[in-house]
Amino acid sequence: MLLGFLKAKVEKFANRADKMAGVNATLKFLDEEGLYPDFHAIESGVNEAECVVDGKKYLMFCSNNYLSLSENPEVKKAAQDAIEKFGVGPGGSRVISGDVTIIRELEKAIADLVGKEDCLTFPTGYMANIAVFQALMDPLFYGMPAKSSDSAIFSDEYNHGSIVDGCRLSRAKKVIFKHNDLEDLAKKIKENDLPNKLIVTEGVFSLDGEILDLPKYVALARESGSLLMIDDAHGVGVIGERGGGVVDYHSCPEGVDILMGCMDKAFGGTGGFLCGDKRMIDFLRIASRSSILSSSLPVGMAGAMLKSVEIIKNETGSREKIVNNARYLRDRLRKIGLKVIGDDPIPAIALHIGTEKNGISFANELWEERIFSPVIRWPAVPEGTSRFRILVMSSHTKSQIDRFVDACEKIGRKLKLIT
Ligand SMILES: Cc1ncc(COP(=O)(O)O)c(C=O)c1O
């Protein structure tokens, strides 16, 4: 709907003789329709429960800093120590000069946390996801490890955009299965039974409030001879007894061939990783183009993340607190009559608002109430729809959560979403 409308307008405005015509027409359209997103530069309190924008205080309900490790003094000190020892940048890619001992130490610690043999880190999770499909499903040389024409990737329809982009970079056949529908997946595997198959899905669908039923995917991957990759960006550090993510949560240590994760969520920093057995990571180390052609994780960040992993392994209190905070917020939103999806014990609460315009109005009203929680829109969710991914942190207090719900109730009544 929106895309069709946008296309018609842009065609009308576009004067191909003017090289900026398409860009200008697009911006004009977004502006006229009130669809251009707001960007809010934070002055202080980045990732804290209360932040400052334009000199005003806002309650933050959209940061992935679940365990509040971003401003943890030990984590900050570890970053400073690493910078003191190694400088600020690695000076090259892993395969040239960027293979620094502290990055290796971090990889060992992450592999241990998620229960895998080895790990390869990247400066962002996006870079990990755009590397892995091409590496495994297309030839590196002479048809090895796979010929693209013999390869198929089976991807959940709700998978994150970085997985979508990674799949696009591979020439393997792309097959999309219905969200969390194992029957549809099994049927599609039968219909596309190529020699090299890879199933990819997420451990925690944060926009839907769900944890994956991992053992069933492991069984299907085994039965069909497919590799199984899980993007556990929102699970590692948050769920599972030791914070090991979806594999730990289901006590299902075997069967996931590639476990992907991010360090900008529970770890409180930035970075991405791929974990697997030693042979798999030895291969990905030389076949991941975004690793061999781009600089490695900054060393200060590696130092900080090493400390975050240590804290995650040794404490459970913050994990319990976010789950309790999330349960309380979810229950209260439902009581006031708003539509919340999912009940699994994760800190992301999926609030469905309806059309994109409703979502934008709701977000604008929240901003007026001094609450920072932007609406999630296409392409992150299906076109024409909108939702809020409300994220709770261990630093949120009950009274801050109550203030958030009271504001939602007032706005819901004003916009006639609550009767
Ligand atoms: C499920 C999932 N995978 C991958 C990414 C990309 O991670 P990064 O922000 O580290 O690039 C995100 C980011 O939000 C994500 O939610």
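Guide: A crossover is called right-handed if, with the strands pointing away from the viewer, the path from the first strand over the helix to the second runs clockwise. In this predicted model, β4, helix α6 (residues 161-169) and β5 make a right-handed β-α-β unit.

Visitor: OK, and how many bridges join β4 to β5?

Guide: Strand β4 (residues 151-156) and strand β5 (residues 173-177) run parallel and are joined by five bridges.

Visitor: Which residue in β5 is the bridge partner of S155?

Guide: The partner of S155 is I176.

Visitor: Switching to the domains, where are they divided?

Guide: Domain 1 covers 30-60 + 317-414, while domain 2 covers 73-314, and their centres, taken over C-alpha atoms, are separated by 28 Å. To the contact, domain 1 contributes 16 residues and domain 2 contributes twelve residues.

Visitor: Which element gives the most on the domain 1 side?

Guide: That is β13, with three residues; the elements giving two or more residues to this side are β13 (348-355) and β15 (385-391). By class, the side of domain 1 that touches domain 2 has eleven nonpolar, one polar and four charged residues.

Visitor: Now α4, which of its residues are buried?

Guide: The buried residues of α4 are I102, I103, L106, E107, I110, A111, L113 and V114, and they pack against several elements, including α3 (73-86), β3 (118-122) and α12 (299-314).

Visitor: What span should α4 have, and how far apart are its ends?

Guide: Helix α4 (residues 101-114) has 14 residues, so at 1.5 Å a residue it should span 20 Å, which agrees with its end C-alpha atoms being 20 Å apart. Just after α4, G115 takes a positive phi of about 75 degrees.

Notes. Residues numbered from 1 in each chain as written. Predicted model: local features only at pLDDT ≥ 70, side-chain atom pairs only at ≥ 80, totals over all residues. Pairing = 2+ DSSP bridges. Helix = DSSP H or I, 4+ residues; strand = E, 2+ residues; numbered from the N terminus. Domains from an automatic or database assignment. Contact = placed C-beta atoms within 7 Å. Nonpolar A, V, L, I, M, F, W, Y, C, P; charged D, E, K, R; others polar. Expected span 1.5 Å × (residues − 1). Buried ≥ 20, exposed ≤ 12 C-beta atoms within 10 Å, placed from the backbone.
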